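Please keep the sequence and the 3D view open as you read.

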Amino acid sequence: MPVILEIKPKNKYSVIVNLDDDRFFKISNKVLRRLHYKEGDDVEDLSELETNIIHPAIRYRMKDLLLRCDYAVEELYRKIERAGYHRSFAKPVMNEFLAAGFVDDRRYGEALIENRSKRYGPMRIRQTLYQKGLDPVLIDELMAERPVDDDALIDKFLQKEDPLKLRTDMKLKQRVMRRLAGKGFRLEQILDGIQRRIGSGMD
């Protein structure tokens with residue numbers, strides 16, 4: 001049976017209850033007064049509290065977030081934890097949302113790749129997917145399916161660069177390389193693209 005280690009204010013309307021098993025949850029001051037919780041108390045009615053208070057609050061928060069935009073599973077867990085609920089309390093609700101198709105990492109990853117591929121290279125996109133918490137195996141699958149010609153995208157970025165200056169001005173060439181590297185293109189892709197641009201000025 002979990003024991004309350006600490007009760008600390010979240011804001012003027014609610015508190016965070018920290019348990020001795022490292023879990024935590026948020027409840028309103030009104031609920032806290034009704035339950036008469038104090039630090040050191042055993043939480044005998046945790047299952048009932050989850051069903052009647054914690055899960056509905058998490059469900060409401062997740063719906064509110066997903067109405068604004070799509071999220072990856074891990075990203076949504078992080079949002080819920082920042083809202084005041086340990087992910088173990090959020091897991092049953094997350095399973096509901098996964099079963100209903102409200103949350104789908106593959107769909108999320110495909111949409112992110114489609115959007116970012118217009119502006120960024122594969123390394124930058126892959127890094128973003130990792131940061132969002134997608135499974136590495138899924139990331140590899142999604143990136144392999146990515147229908148983008150990186151060479152054409154680099155050529156588009158380089159269109160405004162003067163081929164002669166790009167060939168003779170080393171500082172300009174380095175700036176261009178840094179800019180493209182920052183967009184997530186690999187070094188060999190960048191060098192090949194610069195050579196294509198230089199070559200276009202010699203035709």
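A residue is called buried under 20% relative accessible area, exposed over 50%, and partly exposed in between, with a 1.4 Å probe and protein chains only. Aspartate 22 is exposed, because its relative accessible area is 64%. This is a predicted model, in which local features need pLDDT of at least 70 and side-chain atom pairs count only at pLDDT 80 or more, while totals for chains, interfaces and linings use all residues. Residues are numbered from 1 along each chain as its sequence is written, and side-chain values use heavy atoms, with hydrogens and water left out.

## Overall build

The chain has 11 helices and three strands. Both kinds of element are DSSP runs numbered from the N terminus: helices are H or I with at least four residues, strands are E with at least two. In sequence order, the pattern reads β-β-β-α-α-α-α-α-α-α-α-α-α-α. The radius of gyration is 25 Å, well over the 17 Å that the globule rule gives for 203 residues, so the chain is more spread out than a compact globule. For that comparison, the radius is taken over C-alpha atoms, and the rule is 2.2 Å times the number of residues to the power 0.38. The C-alpha trace spans about 80 × 35 × 25 Å along its principal axes. Of the 203 residues, 39% count as buried.

## Two loop residues with positive phi

Most residues other than glycine have a negative phi. Aspartate 22 has a positive phi of about 80 degrees, although it is not a glycine. You will find aspartate 22 in the loop between strand 2 (14–19) and strand 3 (24–28). Histidine 36 also has a positive phi, near 60 degrees, and is a residue other than glycine. Histidine 36 sits in the loop between helix 1 (29–35) and helix 2 (46–68), and it counts as exposed at 58% relative accessibility.

## Salt bridges

Side chains of opposite charge can pair when their charged atoms come close. The structure holds 19 salt bridges, each defined as a side-chain nitrogen of Lys or Arg within 4 Å of a carboxyl oxygen of Asp or Glu. Three of them are set out below.

| Pair | N to O distance |
|---|---|
| Lysine 132 and glutamate 75 | 3.1 Å |
| Glutamate 110 and arginine 106 | 3.8 Å |
| Aspartate 151 and arginine 196 | 3.8 Å |

The salt bridge between lysine 132 and glutamate 75 links distant parts of the chain, 57 residues apart: lysine 132 is in the loop between helix 6 and helix 7 (136–144), and glutamate 75 is in helix 3 (residues 73–83). Lysine 132 is partly exposed at 21%, whereas glutamate 75 is buried at 13%.

Glutamate 110 and arginine 106 both belong to helix 5, four residues apart, which is about one turn of the helix. Glutamate 110 is partly exposed, with a relative accessible area of 38%, and arginine 106 is partly exposed at 29%.

The salt bridge between aspartate 151 and arginine 196 again links distant parts of the chain: aspartate 151 lies in helix 8 (residues 150–158) and arginine 196 in helix 11 (residues 187–200), 45 residues apart. Aspartate 151 is partly exposed at 33%, and arginine 196 is partly exposed at 31%.

There is a network of salt bridges too, linking Glu74, Arg78, Glu81 and Arg87.

Glycine 121 is in the loop between helix 5 (105–116) and helix 6 (122–131). Is glycine 121 buried or exposed? At 0% relative accessibility, it counts as buried. Glycine 121 and aspartate 150 are 29 residues apart in sequence and 6.7 Å apart in space, C-alpha to C-alpha.

Leucine 46 is part of helix 2 and is buried at 7% relative accessibility. Leucine 46 and proline 2 are 44 residues apart in sequence, while their C-alpha atoms are 8.4 Å apart in space.
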